[in-house]
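Here is a short briefing on one model. Look over the chain first, then read the notes below.

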Amino acid sequence: MNADILTSVLVGLAILVGCLGIILPVLPGSILIAIAVLVWAIVIGGPMAWIIFAIVAVFVAGGMSASLVLTGRKLKAMKVPNRSVLVAGLLGIIGFFVIPVVGLPIGFIAGLYLAEHMRLHDAKEAWDSSWESLKAIGIGTALEFLLALLAAITFGIGTLIHFLG
């Protein structure tokens, strides 16, 4: 098997894992996509491969930045401390292993609510704060995922150009 084919297949799989990693934070996400396409550009070589990498890098950087900025700005405006999100993340990871597949979101939501309840000492305020936080995190994640999909499409186009062009 040709090195170009093997590299393209492995990079495609890494991109798939990266897209899943945006949704399931236990896996690496956008950064894996960028590194994988960088490896592809090095192996394939030539101006076209580097142009594809540059476009992918812009999508990945835009997705990561938008996710962090939008989510962070909204959480900061709501005065939700990083500690609440950290507790939610830890309980989400624990939930992932306790209840396979569905435990991650259940643990995350429960952790966020518990952390906010401990901070606010009011169940309704804690739920409202948790719900708004979840919406902010969801919007940031969705935007990062969309840009990761655009990066994946760009890689696919680059691969087609390389092998068919």
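The lining of the largest pocket draws at least two residues from each of α1 (3–23), α2, α3 (47–77), α4 (82–98), α5 (103–120) and α6. Helices here are DSSP runs (H or I, at least four residues) and strands are E runs of at least two, numbered from the N terminus. This is a predicted model: local features need pLDDT of at least 70, side-chain atom pairs count only at pLDDT 80 or more, and totals for chains, interfaces and linings use all residues. Residues are numbered from 1 along each chain as its sequence is written, and side-chain values use heavy atoms, with hydrogens and water left out.

**Largest pocket**
- The largest pocket holds about 1,100 Å³ of space.
- A pocket is an open set of points on a 1 Å grid over the protein atoms alone, where a 1.4 Å probe fits, with protein on both sides within 12 Å along at least five of seven lines; lining residues have an atom within 4 Å of a point.
- Its volume is the space filled by probe spheres set on the points, which are joined across faces, edges and corners.
- The lining counts 33 residues, and P25, V85, F108, I137 and T141 lie nearest the pocket centre.
- By class, the lining has 20 nonpolar, eleven polar and two charged residues.
- Nonpolar means Ala, Val, Leu, Ile, Met, Phe, Trp, Tyr, Cys and Pro; charged means Asp, Glu, Lys and Arg; the others, Gly among them, are polar.

**Overall build**
- The protein chain has six helices and zero strands.
- Its C-alpha atoms fill a box of roughly 60 × 35 × 20 Å along the principal axes.

**α2 with α6**
- The axes of α2 (residues 30–44) and α6 (residues 123–164) come within 11 Å and cross at roughly 15°.
- Therefore α2 is roughly parallel to α6 (under 35 degrees; over 145 is roughly antiparallel, 65 to 115 roughly perpendicular, the rest oblique).
- Axes are lines fitted to C-alpha atoms, for helices over the stretch in contact, and angles run from 0 to 180 degrees between N-to-C directions.
- From α2, the contact uses S30, I33, V37, W40 and I44; from α6, E144, A148, A151, F155, G158, T159 and H162 (contact means heavy atoms within 4.5 Å).
- Seven of these contact residues are nonpolar, four polar and one charged.

**α3 with α6**
- The axes of α3 and α6 come within 8 Å and cross at roughly 175°.
- So α3 is roughly antiparallel to α6.
- Their contact comprises 18 nonpolar, ten polar and three charged residues.

**α2 with α3**
- The axes of α2 and α3 come within 9 Å, crossing at roughly 170°.
- So α2 is roughly antiparallel to α3.
- The contact includes W40 of α2 and W50 of α3.
- It has 17 nonpolar, one polar and no charged residues.
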